[in-house]
Amino acid sequence: MNPKMLFWMPAALRLLMVFVGAAVAWLCFGAVAGLLLCSASLIMLVILQLYYLYRLGGWLDNPRGQKLPDGWGAWTDIFSRLYRLRRDDEKNQAELSEWLARFRQAMHLLPDGVVIMDDVLFLEWCNPAAERHLGLQHGRDKGMRVTNLIRNPDFIDYIILGRYDQPLLLTLRDRKLVIQIIPFENRRQILVTHDATESERIDMMRRDFIANASHELRTPLTVINGFLEIAQEHPNLEPHVRAGHLKMMIEQGQRMQNLIGDMLTLTRLESIDYPMRPERVHIEAMLKNILQEVEVLSAGQHVFSLRIDGPDINGNTEELRSAFNNLVSNAVRYTPVGGQIDLIWQNTQNGPQFVVRDTGIGFSAEHMSRLTERFYRVDKSRSRETRGTGLGLAIVKHVLLRHGGTLGVESSQNKGSVFTARLPASIVASETTDLLT
Ligand code: ATP
Ligand code: MG
């Protein structure tokens with residue numbers, strides 16, 4: 001049956017029943033009784049409608065707090081439909097809140113910043129990454145103009161020019177940010193920020209590496225070429241002058257060879273395919289050997305002490321020897337005559353470590369984080385004098401990394417430095433097993 005009929009049929013039937021009842025009363029008890037019954041029934045019906053209308057009005061004022069009655073007649077159907085509507089609405093609302101909670105959580109975890117602004121750049125909402133990148137605070141800055149909050153001339157120019165198809169690279173609070181504005185919904189705009197500090201740093205390191213490597217190779221080549229030209233132009237040079245030139249050419253050739261050797265070592269250490277092949281590292285023999293070598297380098301100008309308090313380990317002897325050797329030869333090269341150099345091999349709760357302590361020139365804190373970068377040298381002129389390439393600590397870092405270790409550095413200018421090669425406890429070799437045998 002169609003809905004119209006469903007409504008009108010019972011209503012008509014109810015009215016018909018009232019009239020039939022009134023007619024019966026008229027016939028049995030007279031006209032007055034019939035009319036009285038008819039009007040009483042109609043008044044009852046009207047009161048019932050008014051009562052349900054009143055209940056409906058009250059319910060509409062506060063649909064959540066009140067319960068709908070079961071109703072009577074057509075009201076039963078109306079109330080049950082309203083009840084279904086409310087139930088569907090509650091379900092939709094619950095789903096919507098769940099989605100909103102998920103969306104909020106995703107926005108909180110997003111590494112990129114998102115700011116929603118209206119058409120005149122008033123801040124409506126932003127996520128925590130945007131707060132970090134741009135120095136905003138949602139609670140405090142909501143409703144304020146973004147150009148008043150981010151007072152950077154490049155950013156303001158970007159907004160004024162409105163060339164939003166191109167992203168903007170901005171340096172803000174020591175971070176490199178890629179910023180893009182995307183208009184949406186006609187009256188709103190999204191500002192997206194991406195932190196490119198790390199990728200920019202890697203890019204810069206790559207550029208620096210190429211520039212430095214070319215520069216480092218060019219310097220000895222220029223010296224060698226210079227002497228070769230002299231030899232060509234002056235074939236009859238005094239033998240002792242020629243010998244001096246040859247000595248310098250050999251030194252520069254050696255320097256180039258060391259440099260290329262170090263670069264190849266680094267590339268090899270960095271390659272993930274290069275296997276470790278651990279063996280028992282006889283620490284005492286290795287450190288005594290290193291000490292002998294650096295005593296030659298020091299030529300009696302420094303006082304050394306060696307203390308071995310730790311166990312042997314499983315690792316790559318050659319790699320560790322070159323790393324430890326670098327730390328010790330750095331101590332020699334960067335400690336003036338008469339300085340003290342202490343070498344300590346010890347076991348700690350976290351694992352064994354090799355400590356190299358010197359009373360040398362040290363360096364200030366700003367160099368600390370860059371020290372293990374390739375070619376990085378604190379004092380370029382001095383390193384040239386000491387023939388350093390700046391690759392040593394980069395190699396140390398990689399060797400330690402391959403052994404699951406880290407490099408700790410403490411230093412203070414003109415007072416000395418402490419370099420600590422920390423290795424994990426898992427690397428300690430057992431007393432009896434010798435992987436070589
Ligand atoms: P290479 O080791 O490749 O021959 P290098 O010694 O100059 O050259 P690294 O060993 O990487 O290079 O050291 C980088 C820089 O760190 C050095 O140039 C020096 O400025 C500083 N440095 C390293 N060790 C010390 C130390 N013990 N005292 C003071 N400065 C140091
Ligand atoms: Mg070195």
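How do the residues of the shell around ligand 1 divide into nonpolar, polar and charged? Nine are nonpolar, nine polar and four charged. Here Ala, Val, Leu, Ile, Met, Phe, Trp, Tyr, Cys and Pro count as nonpolar, Asp, Glu, Lys and Arg as charged, and the others, Gly among them, as polar.

Some ground rules. This is a predicted model, where local features need pLDDT of at least 70 and side-chain atom pairs pLDDT 80 or more, while totals for chains, interfaces and linings use all residues. Residues are numbered from 1 along each chain as its sequence is written, chains are lettered from A and ligands numbered from 1 in written order, and side-chain values use heavy atoms, without hydrogens and water.

Now the ligand. In all, 22 residues surround ligand 1, each with a heavy atom within 4 Å of it. The closest are N330, D358, T389, G390 and L393.

Next, polar contacts, meaning pairs of N or O atoms within 3.5 Å. For L393 the distance is 2.7 Å. For G390 it is 2.9 Å. For L391 it is 3.0 Å. Taken alone, ligand 1 exposes 590 Å², and the protein buries 96% of that. Those areas come from the Shrake-Rupley method with a 1.4 Å probe.

Finally, the chain. Its domain assignment, automatic or from a database, gives domain 1 (3-103), domain 2 (110-195), domain 3 (212-270) and domain 4 (279-427). The C-alpha centres of domain 1 and domain 3 lie 105 Å apart.

Key: Polar contact = N/O pair within 3.5 Å; in protein donor to acceptor, adjacent residues only side chain to side chain.
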